[in-house]
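Student: I have a new structure to look at. Please show me how to read its features, one at a time.

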Amino acid sequence: LVNGRPAAMTVFKYNYKRNCGLGLDLGVHPDFRVISHSGYTSLARLMIELRHKQLLMDAKSLGMSLPLGSLVEVESPKVVARFKEYGMLLLPVKYYEPPAPEDALEIIGRQEIEKTGFTPMHLGIYPIDRGAYNPKDADQLSMFVKAYLMDHYGLPESHWAVQESLQSISVEERAK
């Protein structure tokens, strides 16, 4: 809230299994996109920083090490460009977003989800410690894919979308 008016919101969660954040939503009212607060000129960038502070507190409360960052799914090239301005780095993986999060899978059924299709997306990260994130580390990239597709969406590792993402990492590594 800014002066009692809704200005922005974010939805995210800490995935303690993979020690990273999952950014699920970020929205800023157009009237509040440009701000000047605590050295920030963008409310979205401030929200991302506040999200990181909460991830750090969540990890610390569970005795975990510093999370690598907050992952996000991004579809539109325009949003990719904007998020890059805020510090997001694209992960070098092929990625498809399932049509529903894991809770909805039980409602619509696992057979139905295969019929409805998946959306090609970009997977990105807002690193907390840029030195710890390594875009050439296949284990890190695999962990990020699994954090979203398996842990959040509930897909099995054998699912085609998971396998296609993981294989794209292997192809990237072999190309070096």
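Student: How many of the 15 residues of H5 are buried?

Tutor: First, a caution: this is a predicted model. Now the general idea. An α-helix has 3.6 residues a turn, so residues three or four places apart point the same way. In this case, H5 is mostly covered, with 12 of its 15 residues buried. Among them are Leu141, Phe144, Val145 and Tyr148.

Student: What length should H5 span, at 1.5 Å a residue?

Tutor: Helix H5 runs over residues 138-152, so its 15 residues should span 21 Å. The end C-alpha atoms are 20 Å apart, which agrees.

Student: Where does H5 bend?

Tutor: At lysine 146, by about 35°. Look at the two ends as well. At the start of H5, a side-chain oxygen of aspartate 137 comes to within 2.9 Å of the backbone nitrogen of aspartate 139. Just after H5, glycine 154 has a positive phi of about 80°.

Student: Now charges. How many salt bridges does the count come to?

Tutor: Side chains of opposite charge can pair when their charged atoms come close. Here the count comes to 5 salt bridges. One of them joins lysine 17 and aspartate 151, at 3.6 Å from N to O. That pair links distant parts of the chain: lysine 17 is in the loop between S1 and S2, aspartate 151 is in helix H5, and they are 134 residues apart. Arg18 belongs to a network of salt bridges with Lys17 and Asp151.

Student: Which residue forms a salt bridge with aspartate 31?

Tutor: Arginine 5 does, with the closest N and O atoms 3.1 Å apart. Aspartate 31 sits in the loop between strands S2 and S3, and arginine 5 in the segment before strand S1, so the pair ties together parts 26 residues apart in sequence. Aspartate 31 counts as exposed, at 51% relative accessibility. Arginine 5 counts as partly exposed, at 41%.

Student: Arginine 51 is buried. What is its nearest side chain of opposite charge?

Tutor: Aspartate 25, and that is 7.9 Å away. A salt bridge needs the atoms within 4 Å. Arginine 51 has none. Find arginine 51 in helix H1, residues 43-61. Beyond its neighbours up to four places away in sequence, arginine 51 touches several residues, including Phe12, Val72 and Tyr126.

Key:
Residues numbered from 1 in each chain as written. Predicted model: local features only at pLDDT ≥ 70, side-chain atom pairs only at ≥ 80, totals over all residues. Heavy atoms only, no water. Helix = DSSP H or I, 4+ residues; strand = E, 2+ residues; numbered from the N terminus. Expected span 1.5 Å × (residues − 1). Bend = angle between axes of the 7 residues up to and from the residue. Buried < 20%, exposed > 50% of the residue type's maximum accessible area, 1.4 Å probe, protein only. Polar contact = N/O pair within 3.5 Å; in protein donor to acceptor, adjacent residues only side chain to side chain. Lys, Arg positive; Asp, Glu negative; His and termini not counted. Contact = heavy atoms within 4.5 Å.
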